[in-house]
Amino acid sequence: MLELGQTASVTRAYRSGDRAMFAALAGDDGTLPSHVPGPLIGALFSFLLGVELPGFGTNYLKQEMRFLQPAPYDEPLTARVTITKLRPEKHLVDLETVCETADGTRVCEGRALVYVEDVGA
């Protein structure tokens, strides 16, 4: 059952070598910044929403992300999602999304709105 304040997190360190792999997959011509690209941070939130909280069957409706500063390569980044609002009558769940470095520096924050068939509240 989903509850207000429920949270899930994942920690991952993107390595410098991941930059070249991302550039190849994105078809980049070598102009990627020297920090972790935003889509890789977004992928952490996507993983959490689809696998951890709310989990399987979650459908993304909307996501907003504000990048506060560059996320460094070769340092652990922790992404966290927290339920801030449940609307069971509409099957909607609002979540806060945050990504921080190991020392607690916030590199990204935002929110996500997802559709979940069984909100359970």
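The side chain of R66 makes a polar contact with the side chain of E64, at 2.6 Å. A polar contact here is a pair of N or O atoms within 3.5 Å; within protein, one must be able to donate a hydrogen and the other to accept it, and residues adjacent in sequence count only if both atoms are side-chain atoms. This is a predicted model, so local features need pLDDT of at least 70 and side-chain atom pairs count only at pLDDT 80 or more, while totals for chains, interfaces and linings use all residues. Residues are numbered from 1 along each chain as its sequence is written, and side-chain values use heavy atoms, with hydrogens and water left out.

R66 sits in strand β2. Strands (E, at least two residues) and helices (H or I, at least four) are DSSP runs, numbered from the N terminus. R66 is partly exposed, at 38% relative accessibility. The classes are buried, under 20% relative accessible area; exposed, over 50%; and partly exposed in between (1.4 Å probe, protein chains only). Leaving aside neighbours within four places in sequence, R66 is in contact with V107, C108, E109 and G110. Contact means heavy atoms within 4.5 Å. P39 is 27 residues from R66 in sequence, and their C-alpha atoms are 12 Å apart.

Now the whole chain. The protein chain has two helices and five strands. From the N terminus their order is β-α-α-β-β-β-β. The C-alpha trace spans about 45 × 30 × 20 Å along its principal axes. Of the 121 residues in the protein chain, 40% are buried. Take the contacts between residues at least 6 apart in sequence: 65% of them join residues at least 24 apart.

Two strands pair if DSSP finds at least two bridges between them. Strands of a sheet pair through backbone hydrogen bonds, either parallel or antiparallel. Nine bridges join β4 (residues 92-101) to β5 (residues 106-115), and these two run antiparallel. Within β5, V114 is the residue opposite V93.

Next, the helix α2. It has 15 residues and reaches 21 Å from its first C-alpha to its last, close to the 21 Å expected at 1.5 Å a residue. The expected span is 1.5 Å times one less than the number of residues. The buried residues of α2 are G38, L40, I41, G42, L44, F45, L48 and L49.

The largest nonpolar core has 31 residues, of which V36, I41, V81 and V93 touch the most other members. Such a core is a set of buried Ala, Val, Leu, Ile, Met, Phe, Trp, Tyr and Cys residues joined through side-chain atoms within 4.5 Å. Two or more residues each come from β1, α1 (16-26), α2, β3, β4 and β5. The largest share, six residues, comes from α2. I41 touches V36, F67, A71, C99, V107 and C108, not counting residues up to four places away in sequence.

T58 is in the loop between α2 (38-52) and β2 (59-67). Is T58 buried or exposed? T58 is buried, with a relative accessible area of 19%. Its side chain reaches the backbone oxygen of G55 at 2.6 Å. A polar atom of the T58 side chain also lies 3.3 Å from the backbone oxygen of L49. Not counting residues up to four places away in sequence, T58 touches L49, V114, Y115 and V116.

D74 is in the loop between β2 and β3, and H91 lies in the loop between β3 and β4. Phi of D74 is near 65°, a positive value in a residue other than glycine. H91 likewise has a positive phi, near 65°. D74 is partly exposed, at 38% relative accessible area. H91 is partly exposed at 24%.
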